[in-house]
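Here are my notes on the model you sent over. Have the structure open while you read, and go through the points in order.

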Amino acid sequence: MDDISRARLHAARQQFSPEVTYLNTATHGLPPLLARQALERYIHDASAGRFQPSDSDDVVASARSAYARLVGVPAERIAVGTHVSQFTGTIAASLPAGSEVLVARNEFTSVVFPFMSREADGLRVREVPLDRLPDEVGPNTSLVAVAAVQSATGAIAPVQDLITACADNGARLMLDTTQSFGWLPVPADRVDLTVCSTYKWALGPRGAAFLTGTSEALAALRPLAPNWFAGTDPWSSLYGGPLRLSDAPRRLDLAPVWPAWYGLLPALELIEEVGVQTIREHDTALANRLRTAMDLEPAGSAIVSLEVSEEAARRAARAGIATSARAGRMRASFHLYNDEDDVDRLVKALT
Ligand SMILES: Cc1ncc(COP(=O)(O)O)c(C=O)c1O
């Protein structure tokens with residue numbers, strides 16, 4: 001990492017003040033100080049009767065543009081919403097009966113339930129091990145839906161092989177970037193659809209999500225919850241017919257949860273300032289420091305899944321270290337606010 005990147009990272013880290021050793025970004029990220037201040041201003045204005053809903057339009061538009069710059073997809077091909085499951089549900093609803101959807105075994109349920117809930121309508125969902133996904137794509141596959149980084153284990157999906165396998169078989173690829181956006185770039189411009197909840201590595205409050213896609217893949221989607229915000233002109237779409245939804249992918253927008261966007265915008269700007277590549281180097285170096293200390297081979301993920309005894313997990317909790325328990329193992333995750341001391345504290349508690 002060069003000196004400028006190191007200085008930017010150092011400056012950004014001043015925005016965080018956890019009161020514990022926080023190794024749990026895979027559950028939710030810590031909002032930076034500027035996000036906290038924006039939320040406080042929003043609450044103050046709303047309580048004082050000074051908040052105007054239309055004031056939030058610029059905030060949502062700026063967040064959409066910041067996300068567009070970060071993922072390399074034009075803002076016109078990005079829809080805003082609240083949850084991954086909302087967008088996965090939209091995608092599931094667009095598939096005709098008989099379609100095969102390939103998913104990874106033990107995938108986070110917001111990625112798979114929306115498809116499984118349509119099995120009664122004739123959708124066929126096939127679960128296979130993550131590393132087998134590219135080989136299992138066949139001529140009958142309509143869609144592969146997978147998280148770029150697995151929630152429970154931190155395993156990274158074979159994205160390049162999936163792009164090739166899907167192209168070879170005429171299938172679409174949907175990537176969930178909730179556990180990767182902010183530290184692991186994915187080639188979103190070459191993936192049919194991506195969905196992302198922004199309360200983890202994107203450091204926003206819960207309640208904001210993005211959908212991106214190619215023009216063709218987005219054109220195939222119909223909004224599940226058509227609403228005024230998706231109208232041709234939102235503020236002229238508040239009452240009555242006729243139906244006047246935007247023709248653009250914005251027709252898939254869900255009216256914003258205002259505070260979520262006030263908190264998210266400064267967080268996205270902070271990630272942009274530091275740079276995803278710098279964050280990736282920092283996060284994975286810390287994860288690898290833990291792996292090495294625990295006699296594991298280094299890997300490329302910011303999430304580490306460890307087999308630890310219940311007693312060791314209790315010792316870590318007593319030492320004020322926040323991790324999570326997933327798939328019967330301890331999940332520790334590292335982001336820009338963590339440092340080597342955090343790793344060493346966990347190692348000390350576990351060994
Ligand atoms: C891979 C992945 N996708 C999505 C989510 C969140 O989904 P939703 O926004 O539907 O709550 C999580 C939360 O842990 C996740 O790990």
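**Notes on the predicted model**

1. Start with the crossover. Strand E5, helix H7 (residues 159–169) and strand E6 form a β-α-β unit, and its hand is right-handed. Bear in mind throughout that this is a predicted model.

2. Now look at how the two strands of that unit pair. E5 (residues 141–147) runs parallel to E6, and 5 bridges join them. If you want a residue pair to click on, Ala145 has Met174 in E6 as its bridge partner.

3. E6 also pairs with strand E7 (residues 193–197), again in the parallel sense, over 3 bridges. Here Leu175 stands opposite Thr194 in E7.

4. How much of E6 is buried? Of the 5 residues in this strand (residues 172–176), 4 are buried, so the rest of the structure largely encloses E6.

5. On to the packing. The largest nonpolar core has 47 residues, and those touching the most other members are Tyr67, Phe181, Phe210, Trp261, Leu268 and Leu336. Helices H1 (3–13), H3 (56–71), H9 (258–274) and H10 (276–293), along with strand E2 (78–81), each put in at least two residues. H9 gives the largest share of this core, with 10 residues.

6. Where does this core sit relative to the domains? Domain 1 (3–30 + 275–350) and domain 2 (53–271) both contribute residues to the core, so it lies between them.

7. Setting aside neighbours within four places in sequence, Tyr67 is in contact with Ile78, Thr177, Phe181, Thr194, Cys196, Phe210, Thr212 and Leu268.

8. As background, nonpolar side chains in soluble globular proteins tend to be buried together.

9. Last, there is an open sheet of 3 strands, ordered E9-E12-E11, with antiparallel pairing. E9 (303–306) and E11 (324–326) are the edge strands, each pairing on one side only. From one strand to the next, the twist averages 35°.

10. Within that sheet, E9 and E12 (residues 329–333) run antiparallel and are joined by 4 bridges. Which residue of E12 is the bridge partner of Ile303? The partner is Ser333.

How values were computed: Residues numbered from 1 in each chain as written. Predicted model: local features only at pLDDT ≥ 70, side-chain atom pairs only at ≥ 80, totals over all residues. Heavy atoms only, no water. Pairing = 2+ DSSP bridges. Axes fitted to C-alpha atoms, helices over the stretch in contact; angles between N-to-C directions. Buried < 20%, exposed > 50% of the residue type's maximum accessible area, 1.4 Å probe, protein only. Right-handed = clockwise from strand over helix to strand, strands pointing away. Core = buried A, V, L, I, M, F, W, Y, C linked by side-chain atoms within 4.5 Å. Domains from an automatic or database assignment. Contact = heavy atoms within 4.5 Å.
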